[in-house]
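Please look through the sequence and the model shown here, and keep both at hand while you read the report that follows.

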Amino acid sequence: MTAVLQLTSITKSYGGVRALDSLSLEVAPGEVLGVIGPNGAGKSTLIGVIGGALTPNSGSVTFDGRDISKLSSADRARMGIGRTYQIPRPFTRMTVADNVRLAATNSGHHISQRELEPFVGGILDRLGLAPFAHETAGKLPLLRRKRLELARALALKPRVLLLDEIGAGLVRAETDELITIIQSLRTEVESMVLIEHVMDVISRCCDRTAVLDFGKLVTVDETPKVLADPVVASLYLGSIADSAEPTPFDEDKRAGIRASLTSLVSVAKPVSDAPLLAVDDVWVRYGGLNALKGVSFDVQPGECIALLGANGAGKTTMARALAGAVPLTSGTISFAGKSIAGLRPDEVTALGVAQCMEGRKIFGTLSIEENLIAGGLDARKHVKAERLEAVYSIFPILKQRRKNSGTALSGGQQQMLAIGRALMSAPTLVVFDEISLGLSPIAVDEVYEALGAIRDSGVAMIIVEQSVERALALADRAMVLSQGEITLEGMPSELLADARLLSSYLG
Amino acid sequence: MKNGMSVLLSRIATPTRVGRRDFIIVAALAAIAFVVPYVAGTYQQEVGFRILQLGALAAAWNIAAGYTGLVSLGSAAFFGLGVYTMALASNAGLPIVLCMILAAVVAGLFALIVSPALFRLRGLYFTVGTLALAEALRIFVVNSPWFGGQAGIFLTARAPKAFELYWIALAIAVLVIVCVLVLLRSRWSYRMQAVRDDEDVASQLGVRTYRTKLWAFGLSGALIAIVGSVQALNQGIVQPNGGFGISWTIEIVSVAIIGGMGTKVGPWIGAVFIVLLGEFLIQFPEIHMAVVGVVLVLVIRFMPNGIWGTFTLALQKERNFS
Ligand SMILES: Nc1ncnc2c1ncn2[C@@H]1O[C@H](COP(=O)(O)OP(=O)(O)OP(=O)(O)O)[C@@H](O)[C@H]1O
Ligand SMILES: [Mg+2]
C-alpha cells in the first residue's frame with residue numbers, strides 16, 4: 001500500500017537553527033504514528049511543514065501520491081489535512097462555536113446551512129466544549145483552548161489529523177478520556193500523527209512511533225519497541241523509562257547548579273513565626289460562576305506545596321489570585337504579614353511572589369535574554385547578570401539562543417523560558433502553574449532537579465502539576481482542589497499511601 | 001510594526017449577530033429619513049447629505065478595515081475613481097445609475113489590479129502601502145491628456161437639486177448598510193474576522209485568505225467609489241486635488257474611529273458627530289480641524305472602541321453582572 005503522507009528529505013532552517021535535517025518519513029493508511037523527541041527536536045516544525053504553514057528549504061511532501069509541496073495551507077486543509085497548534089491559536093474574539101463553524105464552512109466538503117448547526121454542535125459536544133459554545137474563545141483556559149484546536153481540526157473532516165500535544169496538562173482521568181476520543185477517531189480519519197510528551201497516549205494510541213532529535217530521525221518502529229529502546233530512554237524518556245535505574249546524576253554538575261542557584265534565592269528572615277502566605281476564605285466569582293469557594297491555607301517559609309486537581313477545579317484561578325491577576329470577590333490573602341488583595345501583579349512580584357503562568361506571556365518582540373531580564377527588572381546590573389547565568393545553567397538552550405526572539409522557540413523551550421523568568425526576580429515564594437507543560441520527560445527531570453535545589457535553599461513554592469507522582473515527590477504538603485474547594489490535604493506520604501482516595505478526588 | 005497594528009485591531013469589538021430585526025430597523029430609519037425633504041429646508045437637507053455621505057464612506061471603509069483588518073489609507077483613490085468615472089461617463093451621456101455602477105466596477109478592477117502587490121504586505125506595512133494609491137492616481141490624472149489636467153472636468157449634466165442629492169445619498173447609504181448586513185450574515189463574515197485576527201491560522205483552516213481579502217477590499221472600494229460618483233454630481237466639476245485629496249481619507253478614518261471600527265452602527269454615529277461638530281464650528285474654520293484632531297486623540301485614548309463600541313461594551317458588562 002502506498003503511504004498517505006510521505007516526506008522526502010525535508011530540511012527546514014530558521015536562520016541558523018536547523019529544525020529539520022533531511023528528514024524522510026511515511027505515514028501509512030490506517031496508521032496512528034507517534035512522534036516523540038526532546039524539546040526543540042523539530043516535531044512541531046514537522047507538522048508545520050506538512051500543513052503548509054512552514055515552507056521547507058528543501059524536500060517534498062506527498063499526500064495520497066500527489067506532491068503538495070507547492071500548495072497553500074488552505075488548499076491542503078481543503079484536501080483533508082487538519083492540524084492543531086501546540087500553543088493554541090484560537091480566534092480569541094469569536095465565540096467557540098464560531099471558531100468551529102469557520103473550519104466547518106471552509107473545508108473541502110460542502111456543508112449546507114441546515115447541516116451546519118448539528119455538525120458543529122456534535123463536535124463541541126464530543127469534546128466537552130458545548131457549555132462554552134457561546135463564550136468568546138479568548139476566555140477559555142489553556143486546556144479548553146487545546147480542545148478547541150482539536151475541534152476546529154475535526155470540523156475540517158480531515159483525512160489526516162496532525163495533533164501537536166493536545167494531551168499536555170491533563171490528569172489521569174482526562175487523559176483516559178482523550179485516549180478514548182483518539183481511538184474513536186481511528187475509524188473517522190485515515191491516519192493520524194500524534195506528537196505527545198505523555199507516554200500513556202503514545203503507548204496506547206500509536207501503532208508506530210518516530211523519534212526525532214536535532215531534526216533527524218533517530219528511529220521509527222512499532223511503539224513498544226521504540227519505548228523499550230535504551231537509546232530512546234537516555235535521549236528522551238529519562239527517569240520514566242521502564243529500564244531506568246535511579247538516575248546517576250552527575251554530582252559535579254549538580255553542585256555547580258546549586259552554587260549558581262544561590263543568586264536566584266533571597267530568603268527573607270521570617271518576620272515572626274507567622275506563615276509566609278496566608279490565604280483566608282477566598283472566593284472568586286467570574287460572571288455568575290464561583291471559581292473558588294472559600295479556600296483557606298497557609299504556606300510556611302521554605303515550604304513546597306503541591307496543588308492538585310482536575311481541570312476546571314480552580315487551580316489556575318487560585319494561582320492567578322495569588323499573583324494579583326484576578327480580583328477576589330471576598331476573603332484575604334496576605335504575604336509576609338501584608339495584605340496583597342487589590343495589588344497589581346507587578347506590585348505583588350515586587351513583594352517577592354513570582355509566578356509562572358499557565359498562559360505564559362512570552363514577548364515575541366523581546367529577545368530571550370530580554371524576556372528573562374523583564375522578570376527581574378529591579379535588580380542591579382551585576383545581580384541580574386548573575387541570575388541570568390543561574391537560569392542559563394538550568395536551561396543551556398536559552399543561553400545558546402539568547403539573542404533570538406522569545407517566541408522563536410519550540411513550545412517546550414518557551415516553557416523553560418517562562419520558568420526561568422519567574423526565577424529572575426529571586427522570589428521568596430514562586431507559584432508555578434502547570435510547570436511541566438510541554439516539557440519532554442527528560443526536561444521535566446531536569447526542572448525538578450533544579451526545583452529541588454531551589455526548595456532546599458529555602459524558597460517557598462506552590463506547584464500546580466498534573467503528574468501527581470512528580471509533584472508529591474517534591475512537595476512537603478499537598479492539597480487537592482475540586483470544584484473550587486480544598487477537599488483533601490495532607491503529607492505526600494499519606495496521600496500516596498491511599499492512591500485510590502487520591503484518584504477519586506482527582507476525578 | 002506589526003504589533004502596533006495588532007494593538008489597534010485588537011480593540012475592535014467582534015460584530016454582533018445580524019438578524020431580521022436589523023433589516024427592519026434599517027427600513028424604519030430609512031423611511032423616516034425619506035420624509036426629511038418634505039418637512040425640512042435646504043440647509044437641513046445639505047447637512048443630511050453630508051451625514052449620509054460620510055457615514056456611507058466610513059461604513060464601506062469599515063468592511064475592509066474593521067472586519068477584515070485591512071486598514072487602508074487609500075480610500076481617496078477609490079473615491080477619486082468614482083468621481084472621475086461619473087464625470088466622464090455622464091458627460092458621455094450615460095444615465096446616472098449606470099455611471100454609478102460603472103464607478104463601482106472600475107473601483108473593483110482597480111482593487112484587483114493593486115491587490116497582488118498590496119496583499120504581500122501585512123499590518124502596518126499594508127496601511128503604508130495603500131497611502132501611495134491615491135497619490136499615484138492623482139499624478140496620473142494630472143499628467144495624462146484625458147482628464148482635463150489640474151483644471152478638471154465640468155459635468156454637462158443638469159445639477160441636481162438639494163433634495164435630489166439627499167435622496168440619492170439616502171439610497172446609497174441604504175445600499176451600503178444592506179451590503180454590510182448581508183455580509184455579516186454570510187459565511188464571509190467569519191472568514192473576514194479570521195483573516196483579521198490570525199491570517200495564518202485562517203489559512204490552515206481552509207480559508208482562502210487572498211480571496212477573502214480581495215472581496216472585502218474590492219467591495220469596500222466599490223462602495224466608496226459609488227459615494228464618490230455622487231460627489232461629482234454634487235460639485236458639478238471634478239478636479240484631481242478634490243477627487244483624490246487625502247482629506248477624504250482622513251475624514252473617513254476619523255469618522256470610523258470616533259464612531260467605532262468594526263461595528264455596524266459606529267460609522268453612522270461617527271458621521272453624525274463629525275458633521276454636527278463641523279456645523280457647530282462653522283464660524284471658526286481655523287480651529288475646526290484642530291478640534292476634530294483633539295476629539296480623535298481623546299477617543300483613541302479613552303474610548304478605544306469608539307463611541308458605539310464603548311457603549312455596547314458597557315451594555316454587555318451591565319448584562320453580565322446583573
Ligand atoms: N519561529 C522560530 N524561529 C526560530 N527558531 C525556531 C522557531 N520555531 C522553532 N524554532 C527552533 O526550531 C527547533 C525545532 O522547534 P520545534 O518547535 O519543531 O520543536 P519541538 O520538537 O516541537 O519541541 P517541543 O517538544 O518543545 O514542542 C528548536 O530548536 C526551536 O528553537
Ligand atoms: Mg513542539
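N371(A) is found in helix α13 of chain A, which spans residues 368-374; helices here are DSSP runs of H or I with at least four residues, strands are runs of E with at least two, and both are numbered from the N terminus. This is a predicted model, in which local features need pLDDT of at least 70 and side-chain atom pairs count only at pLDDT 80 or more, while totals for chains, interfaces and linings use all residues. Residues are numbered from 1 along each chain as its sequence is written, chains are lettered from A and ligands numbered from 1 in the order in which they are written, and side-chain values use heavy atoms, with hydrogens and water left out.

N371(A) counts as buried because its relative accessibility is 0%, where buried means under 20% relative accessible area, exposed over 50% and partly exposed in between, with a 1.4 Å probe and protein chains only. Leaving aside neighbours within four places in sequence, N371(A) is in contact with I362(A), F363(A), L366(A), G406(A), L417(A) and R421(A), contact being heavy atoms within 4.5 Å. A polar atom of the N371(A) side chain lies 3.4 Å from the backbone oxygen of L366(A).

R101(A), in helix α3 (residues 96-106) of chain A, also counts as buried, because its relative accessibility is 9%.

The domain assignment of chain A gives domain 1 (5-240) and domain 2 (301-316 + 351-506), with bounds that come from an automatic or database assignment. The C-alpha centres of domain 1 and domain 2 of chain A lie 26 Å apart, and the contact takes 25 residues from domain 1 and 27 residues from domain 2.

| Residue | Atom of the residue | Distance |
|---|---|---|
| N39(A) | N or O atom in the side chain | 2.8 Å |
| G42(A) | polar backbone atom | 2.9 Å |
| S410(A) | polar side-chain atom | 2.6 Å |

The protein covers 88% of the 630 Å² of accessible area that ligand 1 has on its own, areas that come from the Shrake-Rupley method with a 1.4 Å probe. The elements giving two or more residues to the shell are β2 (17-27), α1 (43-51) and α16 (411-423) of chain A.

Technical notes. A polar contact is a pair of N or O atoms within 3.5 Å; within protein, one must be able to donate a hydrogen and the other to accept it, and residues adjacent in sequence count only if both atoms are side-chain atoms.
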